[in-house]
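Subject: Structure handover

Hello,

Here is the structure I promised to pass on. Please open it and keep it beside you as you read. My notes follow below.

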Amino acid sequence: MAEAEPRFKRKTFLVWILAVALLLTLYFTYQDRIDVEWIRGMVHDRRSLIIPFYLLLLSLLGLTFIPSTPFAVAGIFLFDPTLAYLLNLVGIVTSSTIVYHFARFLGFRYVLETRYPEKTKTVEAALARKELPIIIGWSFFPVVPTDLVIYVASTLKVPLWKCLLGVLVGEGALNAFYLYSVNAAL
């Protein structure tokens, strides 16, 4: 099974890259048919339904290890950039809080220690020395799931405020880059 995991990760990553490339190609090919302002107008008319649903979706993504980046970028099509950014930050905080509290309930520490004992000890030692910088750096790095560091930090009893601050700084900077660069491209 150990060899299937890297292959699965590569295939998943390739599918994700291809999906993003396909969507961008379709957008730029049919740009004249896609009216972002019309989409935003439709969302604005149904704001009381769309915003809670969007926040709920962002809040629950952490439990599934599904990256929130595509949903954050989709927020550009639904909302103006500042509102999309603020909603994503709220989603990041709620998702991280949910993940933090459920990590112990799910027995994640036991899974990590039995399946990856050496890696778990390495991460534990690193987090014990520099909790906040590691959480910020991990959250800013787009290839690794931020929720994983929250799971580990929770099982190591890193204070919730440190986890949330680290995730807000790292993910906040990354989301700002994504959202404002995509908005500039539109």
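First, a definition. Rings of Phe, Tyr and Trp (its six-membered ring) pair if their centres lie within 6.5 Å. Planes under 30 degrees apart count as stacked, over 60 as edge-to-face and the rest as tilted. Note that this is a predicted model.

**Aromatic pairs**

The rule gives 3 aromatic pairs here. Take Tyr54 and Phe79. Their ring centres are 5.2 Å apart and their planes stand at 65°, so this pair is edge-to-face. Tyr54 sits in helix H3 (residues 47-60). Phe79 sits in the loop between helix H4 (69-78) and helix H5 (81-105). The pair therefore ties together parts that are 25 residues apart in sequence. Are these two residues buried or exposed? Tyr54 is buried, at 4% relative accessibility. Phe79 is buried too, at 1%.

Next, Tyr85 and Tyr180. Their ring centres are 6.2 Å apart and the planes are at 50°, so this pair is tilted. It links distant parts of the chain: Tyr85 is in helix H5 and Tyr180 in helix H10 (residues 160-185), 95 residues apart. Tyr180 is partly exposed, with a relative accessible area of 36%.

**Helix packing**

H10 also packs with helix H8 (residues 131-140). The angle is about 35°, and the axes are 7 Å apart. The crossing of H8 and H10 is right-handed. Residues in the contact include Leu132, Ile135 and Phe140 of H8, and Leu165, Val169 and Leu174 of H10. By class, the contact has 10 nonpolar, 3 polar and 3 charged residues.

Best wishes

Terms used: Residues are numbered from 1 along each chain as its sequence is written. This is a predicted model: local features need pLDDT of at least 70, side-chain atom pairs count only at pLDDT 80 or more; totals for chains, interfaces and linings use all residues. Side-chain values use heavy atoms; hydrogens and water are left out. Helices (H or I, at least four residues) and strands (E, at least two) are DSSP runs, numbered from the N terminus. Buried means under 20% relative accessible area, exposed over 50%, partly exposed in between (1.4 Å probe, protein chains only). Axes are lines fitted to C-alpha atoms, for helices over the stretch in contact, and angles run from 0 to 180 degrees between N-to-C directions. A crossing is left-handed if the near helix is turned anticlockwise from the far one by less than a right angle, and right-handed if clockwise. Contact means heavy atoms within 4.5 Å. Ala, Val, Leu, Ile, Met, Phe, Trp, Tyr, Cys and Pro count as nonpolar, Asp, Glu, Lys and Arg as charged, and the others, Gly among them, as polar.
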